Amino acid sequence: MKKDCAFTMGVGHAVCEDYATCGCVPNTLYGHIHYAIVSDGCSGSQDTDIGARILSRAAINVIRDFGHTDNLTYDSARESFRKWLVEEIRKFQVILHLPKNMLEATLLVVVALQDKRWIFGWGDGVIVLKHKDGNLGCTQITYTPNYPAYLSYHFYDPSEFVSMVHTVQETTFNIPDCQKSLIKTSPVKLGQFDDYQYSADVSNLDLSHIVLMSDGIESFSQNGETLDVKGQIKKYTDFKNSNLAFAQRRMQRMAIENKAAGITHYDDLSMATLAF
């Protein structure tokens, strides 16, 4: 299985608060567990570029540990991943004396072990399922107002949320819009949004790639006009192959093309992908 990731700073930021990583961990039960991770620090909180990396590192630690569970299922993985991840992040917070708001960051994770493909997420962002027939199934997670429910909210007292009303919106669409087999082309319907988490089991889909993207993909503009997110998703996931640093090459190529066309993205942008 091949994998890659890339991230870059937006023109509206002085520090890149996005982060992406990918890799695999050896496992005695499943051979290897492959993963791709995107984390996007909240711009309204301090030092969340550090928080994004800490959340990513915590997720890798949990992926290493939860794979030692016999007969791991999607439902058991969903519950244990969330529980152990909160515990792991808490360890970082206590040992490093981190303020809670430093850990306010989106975290998107895809894991693959044997024939299983699971997605877990907290916060906002875009999940792209690239089918082997070339169609893209996309799920865009946004919050109204622009205040995502982060995993770090587990560390707050409920009384601190009196003024925070989180209305989540899940938008699904296909690229291109088509009426072929729904099993192959319809976007994944994400699971519950309870307890600040959403998830999906996409093991039964015939995919070439699973791509996780931060909401920076929604921030592109040209001549003062916001560009359609569908067009940007299509361009950034148009991998010519899956060799070595294929996501990094794609992001570098798009940076060159965007500069020539006068296209900019205000927000930081990150993506991480598994290729099958």
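This section describes the cysteines and a helix pair in a predicted model. Residues are numbered from 1 along each chain as its sequence is written, and side-chain values use heavy atoms, with hydrogens and water left out. Local features need pLDDT of at least 70 and side-chain atom pairs count only at pLDDT 80 or more, whereas totals for chains, interfaces and linings use all residues.

With a disulfide taken as a pair of cysteine sulfur atoms within 2.5 Å, the count is 0 disulfides. Cys5 is in no disulfide, and its nearest cysteine sulfur, that of Cys22, lies 3.8 Å away. For Cys22, the closest cysteine sulfur is in Cys5, too far for a bond at 3.8 Å. Cys5 is buried, at 14% relative accessibility, and Cys22 is partly exposed, at 21% (buried, under 20% relative accessible area; exposed, over 50%; partly exposed, in between; 1.4 Å probe, protein chains only).

Helices are DSSP runs (H or I, at least four residues), numbered from the N terminus. Helix α1 spans residues 48–66 and helix α2 residues 74–96; their axes come within 9 Å and cross at roughly 130°. Axes are lines fitted to C-alpha atoms over the stretch in contact, with angles from 0 to 180 degrees between N-to-C directions. The arrangement of α1 to α2 is therefore oblique, the class left after roughly parallel (under 35 degrees), roughly antiparallel (over 145) and roughly perpendicular (65 to 115).

Contact means heavy atoms within 4.5 Å. Residues of α1 that meet α2 include Ile54, Leu55 and Phe66, and those on the α2 side include Phe81, Trp84 and Leu96.

Note on methods. Helices (H or I, at least four residues) and strands (E, at least two) are DSSP runs, numbered from the N terminus.
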